[in-house]
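Thanks for making time this morning; I would like to walk through one structure with you, going from helices to charged pairs and then to a few single residues. Please keep the sequence and the model open while I talk.

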Amino acid sequence: MKLLQKAAIVFFAVCIAFPMFANGSSDGKAAETELNAYSIMPEKYATPILAEFTKDTGIKVNFVRLSSGEALSRIIAEKGNPQVDCLWGGPSDTYDAGVAEGVFEQYKPAEADKIPANYRSPDNYWTGIGIIPLCFLTNTNFLKKNNLSAPTSWYDLLDPAYKNGLQMADARTSGTATERIYSLVKAVGEKEAFDYQKKLNANVQLYTKSGAGGALPIANGQAASGVFYLVDALDITHQGYPLVISFPKEGITYGVEGSGILKGCKHPNAARRLMDWASTKKLGDFMMANKICYIPTRPDIKVDDPALDMKKMNLINAPSAWKGEKRKAYVEKWIKEVIQQ
């Protein structure tokens with residue numbers, strides 16, 4: 001009896017010192033029933049997706065929605081004392097810019113090998129959950145009124161008919177906007193890309209804080225056209241507005257919607273569970289079934305929507321690491337040469 005009492009006392013002391021033993025988990029997973037995130041993915045997409053993760057795992061996700069520039073600035077400012085456990089969504093160059101600042105934890109999700117290597121970090125700092133090409137989104141009533149066809153060249157947007165009629169994202173805050181810069185640099189060269197944007201600026205009515213911010217004004221006829229990620233353009237067209245999606249013949253780059261864990265986070269095991277779940281076929285199938293129009297990174301997911309057929313687009317490859325390296329310099333150049341000219 002005394003031996004049993006001593007054993008009980010020892011076990012009680014261990015449980016106080018190491019609470020994970022009290023619930024039978026040596027890695028603390030059972031204790032982590034929630035996690036916190038910054039989501040670059042718009043709330044209307046992130047909410048149902050993360051709710052499905054909670055349904056499957058029992059882990060609650062609390063998230064704050066931020067644009068990519070805001071999220072990157074915040075996680076860098078919080079380095080060493082992260083206020084969230086992971087970053088969810090947003091173009092992968094945001095993650096690579098964060099990798100350079102040492103804010104992401106290396107982790108290879110359970111089914112990462114089923115995702116092509118060009119859609120995930122070679123060093124396992126982030127994993128792609130969706131592919132997001134750029135496109136033009138234009139109001140069809142505007143086109144009819146001005147006897148125009150939908151734009152099929154970057155240079156079509158310089159037409160005087162578009163004067164004060166374009167809305168598109170601000171590169172200081174939005175990953176959609178930085179993707180626009182990368183596309184132009186890859187399509188026509190760096191010097192021509194910035195010369196073009198100076199001319200384009202004369203037709204811009206408003207640069208929006210978020211990538212999708214101009215979609216509804218274009219849908220309502222308050223603006224004529226703009227440059228968006230395809231996922232946001234399809235979302236607004238599915239609502240029945242008079243809109244047309246088109247692509248520039250010179251080519252476009254595409255973003256890879258990412259996910260990653262912050263170094264030193266407070267709920268690492270719950271964050272790993274989210275990364276594991278996001279690498280499975282379940283996420284892609286859920287997005288397709290619920291018309292959340294990210295092109296899945298896993299090739300084994302059936303895509304029925306012809307609008308997501310990448311063969312119809314002139315896609316230009318721009319490595320995520322290159323984007324992350326160029327991001328800050330290109331944003332500063334855009335501010336100085338385009339909007340402050």
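Predicted model: local features only at pLDDT ≥ 70, side-chain atom pairs only at ≥ 80, totals over all residues.

Let me begin with helix H7, where Ala193, Phe194, Tyr196, Gln197, Leu200 and Asn201 are buried. These residues cover an arc of only 155 degrees around the axis, which puts them on the same side of H7. On the other side of H7, Lys191 and Lys199 are exposed. What covers the buried residues of H7 includes strand E6 (166–169), helix H6 (175–188), strand E7 (204–208) and helix H12 (320–339). As for its length, the 12 residues of H7 should span 16 Å at 1.5 Å a residue, and the end C-alpha atoms are 17 Å apart, which agrees.

Helix H2, residues 43–57, can be read in a similar way. Its 15 residues should span 21 Å at 1.5 Å a residue, and the C-alpha atoms at its ends are 20 Å apart, which agrees with that expectation. Which residues of H2 are buried? They are Tyr45, Ala46, Ile49, Leu50, Glu52 and Phe53, and because they cover an arc of only 150 degrees around the axis, they lie on the same side of H2. The elements that cover them include strand E1 (34–39), strand E2 (60–65), strand E3, helix H9 (230–237), helix H10 (268–278) and helix H11 (281–289). After H2 comes glycine 58, whose phi is positive, near 80 degrees.

That brings me to the charged pairs. Side chains of opposite charge can pair when their charged atoms come close. In this model the count comes to 18 salt bridges, and I will pick out a few of them.

One of them joins aspartate 235 and lysine 44, whose side chains meet at 2.7 Å, N to O. This pair links distant parts of the chain, since aspartate 235 sits in helix H9 and lysine 44 in helix H2, 191 residues apart. With a relative accessibility of 17%, aspartate 235 counts as buried, whereas lysine 44, at 48%, counts as partly exposed.

Back in H7, lysine 191 and aspartate 195 form a salt bridge of 2.9 Å, N to O; being four residues apart in that helix, they are separated by about one helical turn. Lysine 191 is exposed, with a relative accessible area of 63%, while aspartate 195, at 22% relative accessibility, counts as partly exposed. Both belong to a network of salt bridges that links Lys191, Asp195, Lys198, Lys333 and Glu337.

In helix H11, lysine 281 and aspartate 285 are again four residues apart, and so about one helical turn separates them. Their closest N and O atoms are 2.8 Å apart, in a salt bridge. Lysine 281 is partly exposed, with a relative accessible area of 35%, and aspartate 285, at 31% relative accessibility, also counts as partly exposed.

The side chain of aspartate 85 does, however, reach the backbone nitrogen of lysine 266 at 3.1 Å. Aspartate 85 is placed in the loop between helix H3 (68–77) and strand E3 (86–91). Leaving out residues up to four places away in sequence, aspartate 85 touches Leu35, Asn36, Ile261, Leu262, Cys265, Lys266, His267 and Ala271.

Two more residues before I stop. Threonine 280 lies in the loop between H10 and H11 and, at 18% relative accessibility, counts as buried. Its side chain reaches the backbone oxygen of tryptophan 277 at 2.6 Å, and, apart from neighbours within four places in sequence, threonine 280 is in contact with Glu111 and Arg298.

Alanine 219, finally, is in helix H8, residues 215–219, and counts as buried at 5% relative accessibility. Setting aside neighbours within four places in sequence, alanine 219 is in contact with Asn139, Ile236, Tyr241, Pro242 and Leu243. Alanine 219 and glutamine 239 are 20 residues apart in sequence, and their C-alpha atoms are 9.6 Å apart in space.

Terms used. Residues numbered from 1 in each chain as written. Heavy atoms only, no water. Helix = DSSP H or I, 4+ residues; strand = E, 2+ residues; numbered from the N terminus. Polar contact = N/O pair within 3.5 Å; in protein donor to acceptor, adjacent residues only side chain to side chain. Contact = heavy atoms within 4.5 Å. Expected span 1.5 Å × (residues − 1). Buried < 20%, exposed > 50% of the residue type's maximum accessible area, 1.4 Å probe, protein only. Arc of directions from axis to C-beta. Salt bridge = Lys/Arg side-chain N within 4 Å of Asp/Glu carboxyl O.
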